[in-house]
Amino acid sequence: MGFTIGGIRDMRSGSRRRGRTSESTTVAEYTGLWGWDVVPGARAARGSGGGRNECSCGDRDCPSPGAHPLGFTPGVPAGATLDAAAAAWERVPGAAVLLPVGRSFDILEVSEYAGGHALVRLERMGLPLGPVAATPHGRAQFFVAPGAAAELPELLYRMGWDDADLDLRCLGPGDHITAPPSDLGGLGPVRWLRPPTLDTAGRPPHARLVLGTLAYLSHRAGG
């Protein structure tokens, strides 16, 4: 991908010297090191009088305040440099970092309680794992190979599970997730339960390798 861990460290120190934002460096890591596309996203702020959050997109009736792409600006493609990331984020200061789903990965999402237990069990079993993120509203997001969203109904049918009973959903093409350390919908930052690595970011596991454990523990935990 043209980047190394040492190169990222140099980028971080260089970005501080040039006054570039931490978001620019994060975007450059995601595009250059992990090989993911990145899209600038809206931010949410608490509405006046303690009402619902208001979205930076300017739509007072926005259905997803602070949790959707900014449609008026292009994304940053995989492989983009720090200069490209900085230039993109200078056009949208304060934008959230969003990752398009369905290109490099799909997302299996369960409750953070069930997901945390599943993560421990999967690691003990030595099964291949990709990155895992946790949202501020109590959800765990497992990165799996693209195609999982289309295959999920058949996979669950074969295993005898139902996604509604499991409080399980799968995100695929056309969806986006908010990436750490960006804020999600004014609720707080997204964080990594299992950060990406050079071995896992570009080769997330097939959904069937983790779905059985996710389904079993999610069912036991009641979602």
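1. Which residue in β7 does Ala 134 stand opposite? The residue is Ala 140. The model discussed here is a predicted one.

2. The two strands around this point are β6, residues 132-134, and β7, residues 139-144. They pair in the antiparallel sense over 3 bridges. In general, strands of a sheet pair through backbone hydrogen bonds.

3. β6 and β7 belong to an open sheet of 5 strands, ordered β8-β5-β7-β6-β10 with antiparallel pairing. At its edges stand β8 (169-171) and β10 (191-194), each of which pairs on one side only. From one strand to the next, the twist averages 30°.

4. Helix α4 (residues 112-125) packs on the sheet and touches β5 (106-111), β6, β7 and β10. The direction of α4 makes about 45° with that of β7. Helix α5 (residues 148-159) lies across β5, β7 and β8, and runs at about 155° to β8.

5. The largest nonpolar core has 29 residues. Those touching the most other members include Tyr 30, Trp 36, Trp 89 and Leu 99. Helix α2, helix α3 (82-91) and strand β4 (96-100) each supply at least two residues of this core. A second, separate core of 20 residues includes Ala 118, Phe 142, Ala 207 and Val 210.

6. Leu 99 has contacts beyond its neighbours up to four places away in sequence, among them Tyr 30, Phe 105, Phe 143 and Ile 177.

7. Is Ser 24 buried or exposed? Ser 24 counts as buried because its relative accessibility is 3%, and the cut-off for buried is under 20%. Ser 24 lies in helix α2, residues 22-33. Leaving aside neighbours within four places in sequence, Ser 24 is in contact with Leu 82, Ala 85, Ala 86 and Trp 89.

Note on methods: Residues numbered from 1 in each chain as written. Predicted model: local features only at pLDDT ≥ 70, side-chain atom pairs only at ≥ 80, totals over all residues. Heavy atoms only, no water. Helix = DSSP H or I, 4+ residues; strand = E, 2+ residues; numbered from the N terminus. Buried < 20%, exposed > 50% of the residue type's maximum accessible area, 1.4 Å probe, protein only. Contact = heavy atoms within 4.5 Å. Core = buried A, V, L, I, M, F, W, Y, C linked by side-chain atoms within 4.5 Å. Pairing = 2+ DSSP bridges. Axes fitted to C-alpha atoms, helices over the stretch in contact; angles between N-to-C directions.
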